[in-house]
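Q: Could you take a close look at one part of this protein for me, and then work outwards to the contacts around the rest? I'd like one connected walk-through.

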There are 2 protein chains.
Amino acid sequence: MALVEVTRLREIVLGILLANEVPEAAALLQTETLIAAELSGHPSHGVLRLRRIVERIHAGVADPRATGRHEWTGAALLEVDGLHGLGPVVAMSAIAAITERARTTGVAAAVVRNNNHLGMLGWYAEHIARGGQSGIVTCTSEALVHPWGGRRAMIGTNPLAIGVPAEPHPLVLDMATGLVSMGRIHDHAQRGLPLPEGWALDAGGEPTTDARAAIDGSIAPFGGAKGYALGLSLEVLVASLTASALGTDVRGTLDSDRPSSKGDVFIVFGAPGEGRADAIGAYLQAVRDTEPATGGGPVTVPGDGARTRSELALGRGIEVSDQVWNDLPALRPATAGSEQR
Amino acid sequence: MALVEVTRLREIVLGILLANEVPEAAALLQTETLIAAELSGHPSHGVLRLRRIVERIHAGVADPRATGRHEWTGAALLEVDGLHGLGPVVAMSAIAAITERARTTGVAAAVVRNNNHLGMLGWYAEHIARGGQSGIVTCTSEALVHPWGGRRAMIGTNPLAIGVPAEPHPLVLDMATGLVSMGRIHDHAQRGLPLPEGWALDAGGEPTTDARAAIDGSIAPFGGAKGYALGLSLEVLVASLTASALGTDVRGTLDSDRPSSKGDVFIVFGAPGEGRADAIGAYLQAVRDTEPATGGGPVTVPGDGARTRSELALGRGIEVSDQVWNDLPALRPATAGSEQR
C-alpha cells in the first residue's frame, strides 16, 4: 500500500490524462472525480479506473474531446447524446445546463445515452446540493445482480444518489442497489477470504461463499425483495427515458473496448426548498443525536462517512494499493514517457 | 372475515363518503384508491382507513371539497397547497396538471403540502404509466422508523413508487422504506404472534419480538444501513421541496384530529421513452423467466403480485376483516342513517 499526498496523486492522474491527449478542462474534471472517490474511501471508483479510461480512449470507445450533443426536447428536458465522451465531462455539461434551466422552469432533467462511466454518483449530487438545489442522479450499469429468487445476473448494480441542501453540510445519499460491489468480491478473492453468506451466487446459480466462484456468478440485491424491486425499477426507468440498453445488453464500464450502452438520468429542482437548509440541517443533527443502540457507535447520516474519510485523507494522504500505484507509470504513452527522461 | 363482492364494497364505501358530504367526484376517487388497495392485497391502505377519513372530515382537518390551490412557480414546477383536501383528490388534480404540462416541458413535478393521506402510492404511479408516461412518487409520513444504529423513531416509513410504461403491463414499484408496516406489527399483536427478530425496537430502544412492545417503539428500516439512508434521504428531499414537516413533527395520517403536515412529491416525464414499452416489456419477461433459485417459485417483477391478487379478488370478492366490516354502518352520519330506514 502506498500512502500518497493528495496533491501529488492529483498531479500524477492529471498528468497521465493530459499525456493521453485529454484536453485540460476534461482532464481536470476526470481527475477530480477519481480523487474524490479516493478521498471518500471508494477506491473502486478511484484511480483504479484510470487504466480502463486510458485504454478506452486508445480503443476509440471514449472520446476525450466530446462533451455531448444537447437537445432540449421540452423546456425542462435535455436529451443528451454523450457521443462517447468521458463520463464526468458529459455529465457536468448536462448538469450545468439543467441546474441553470431549473432556476426558471422549477425542475429540469437530463437523460443521457452514449456516455462513459460517471464514477461516484454522490459527487454529482453533492455538486448540485452545494449549488443550493436538490438533485436526483441514477444510471444503469452492467448486469451483475440476480433477481430476488433468480439464479443469474439480469440487473445492474444501478446506483442512486440524492443531494439536498442543508447546513452546515448537504445531505448526500450515494448507494448502489447491489448488496455489495463486484469490487469487494474481487477484493475478497485476492485476499483469499470467504464471502459472508447471502452475498452471491456462483455461475450455476447456487449460493456460494467462494469469492472466486462469485466473480463468474452474480451478486444479491440489497434489502431482499424490496431492494431488488428498486434496482430493477431504476434499470427500467433509466433505459426507458434514455433509450439505452437493458440488463445483459449493458456494456462499457467494465471493459476497455466496447461502446458504453448504459443510460444516465439527472433531475434537478430549482429552489422550491430555498431557505430550508437550516431546518434540514437541524433535523439531520437530531437524527445524529439519536441515542445509539446498545453497544453501537454514534448514528450517522448519508454523507457523514465520506466527509470524515475525506478530511482524514486530506491530512495524511491517500492509500493506493501497490497494484494500482505500480501500474500508473505504464499509463503514459511511450512518447510522453520519453519526453520525461 | 367477510368476503364481499367488489362492486358491493365499492358501493358501500362510496355511499358512506357521499353520506358524509363528500362531493361525488371526490367520493369516487377516494373510493377507487381504497378499493384498489384492497384488491392488490394491501388492506392497511384500504377500507380500514375509511373511519379515519370520515372522522377527519368531521374534525375539520380534511376538507372534502378542496382540490388544492395550484401555483406554477416555474414552467415545469407546480407548487400545491392541498388546503387539507382528501389525499387522492388533491393528488390527482396535481397529477392531471403535470402530466399535461410534461407533454410540452418534457418533465414536470408537483410539490404538495397540506394534503391528507394518499393511500397506496403505486396507484398513482400506475395511473401515470398507463397514460404512457414515466413517473416517480414519494411522500413523508409519521416517524415510525429508527435510524440504523439508533434507538427511537425519527423517520417516516416514507414510501417510493415508480411507474414505467411497458407492454402488456406497466412496471409499478410501490415500496415503503420501513422493513414492515406498523399495520403488520398491529396484526401480530392482535393475533398474539411474536415478531421475527430484527423487525422492531421497544419504547426503550431495545430489540423486541413482542408486537405490543413494538407498537410503542419503532420499526427497523428495510435493507439495513442502505435502506435507512434511502428513507432518510426521501424524508429530507420531500420536506425540502414541499416546505413540510420533518421527522417527529409529521402528523395527520395516523390520527383523526390533527392537520396533516407531511409532504408529497410527484415527478412525471413527458414521453422521452415513447416507443420503448415493448422493449421494456420483453426485458421484464426475461427477468420473470430467469431460472428460479433451488426450491424457490418463479421470479416476479414489481407489480406482478398486486395484479395477480387483484384479478383473483375481482373474481371471488374482497376479504374484509370482521372488525372493519362491522364498523362500516357506524360511519354513516345519523341523519343519513335515518334516511335509509
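A: Let's start with A:V4, which counts as buried because its relative accessibility is 2% (buried means under 20% relative accessible area, exposed over 50%, partly exposed in between, using a 1.4 Å probe and protein chains only). Before going on: this is a predicted model, where local features need pLDDT of at least 70 and side-chain atom pairs count only at pLDDT 80 or more, while totals for chains, interfaces and linings use all residues. Residues are numbered from 1 along each chain as its sequence is written, chains are lettered from A and ligands numbered from 1 in the order in which they are written, and side-chain values use heavy atoms, with hydrogens and water left out.

A:V4 sits in strand β1 (residues 2-4) of chain A; helices (H or I, at least four residues) and strands (E, at least two) are DSSP runs, numbered from the N terminus. Setting aside neighbours within four places in sequence, A:V4 touches A:L9, A:G317, A:I318, A:V320 and A:W325, with contact meaning heavy atoms within 4.5 Å. A:R316 is 312 residues away from A:V4 in sequence, yet their C-alpha atoms are 8.4 Å apart in space.

Now zoom out to the domains. Chain A splits into domain 1 (1-59 + 303-341) and domain 2 (67-179 + 220-271 + 297-302), with bounds from an automatic or database domain assignment. Their C-alpha centres are 22 Å apart, and the contact draws on 21 residues from domain 1 of chain A and 26 residues from domain 2 of chain A. Together the two domains bury about 1800 Å², 59% of it from carbon and sulfur atoms; buried area is the accessible area (1.4 Å probe) that two parts lose on being put together, summed over both.

There is one salt bridge across that domain interface, the term standing for a side-chain nitrogen of Lys or Arg within 4 Å of a carboxyl oxygen of Asp or Glu. The side chains of A:R56 and A:D255 form a salt bridge at 3.1 Å, N to O. On the domain 1 side, α2 (24-39), α3 (50-58) and α10 (304-316) of chain A each supply at least two residues, and α2(A) gives the most, with seven residues.

Over in chain B, B:R56 lies in helix α3 (residues 50-59). B:R56 is buried, since its relative accessible area is 4%. A polar atom of the B:R56 side chain is 3.0 Å from the backbone oxygen of B:D255. Beyond neighbours within four places in sequence, the contacts of B:R56 include B:N116, B:D255, B:D257 and B:R258.

Finally, how do the chains meet? The contact takes 74 residues from chain B and 73 residues from chain A, and about 5700 Å² is buried between them, 72% of it on carbon and sulfur atoms. B:R151, B:K226 and B:Y283 supply 12% of the area that chain B buries against chain A, more than any other three residues. Two salt bridges are counted between the chains; A:E291 makes a salt bridge with B:R151, with the closest N and O atoms 3.8 Å apart. Helix α8 (residues 224-242) of chain B gives the largest share of the chain B side, 14 residues.

Conventions
Polar contact = N/O pair within 3.5 Å; in protein donor to acceptor, adjacent residues only side chain to side chain.
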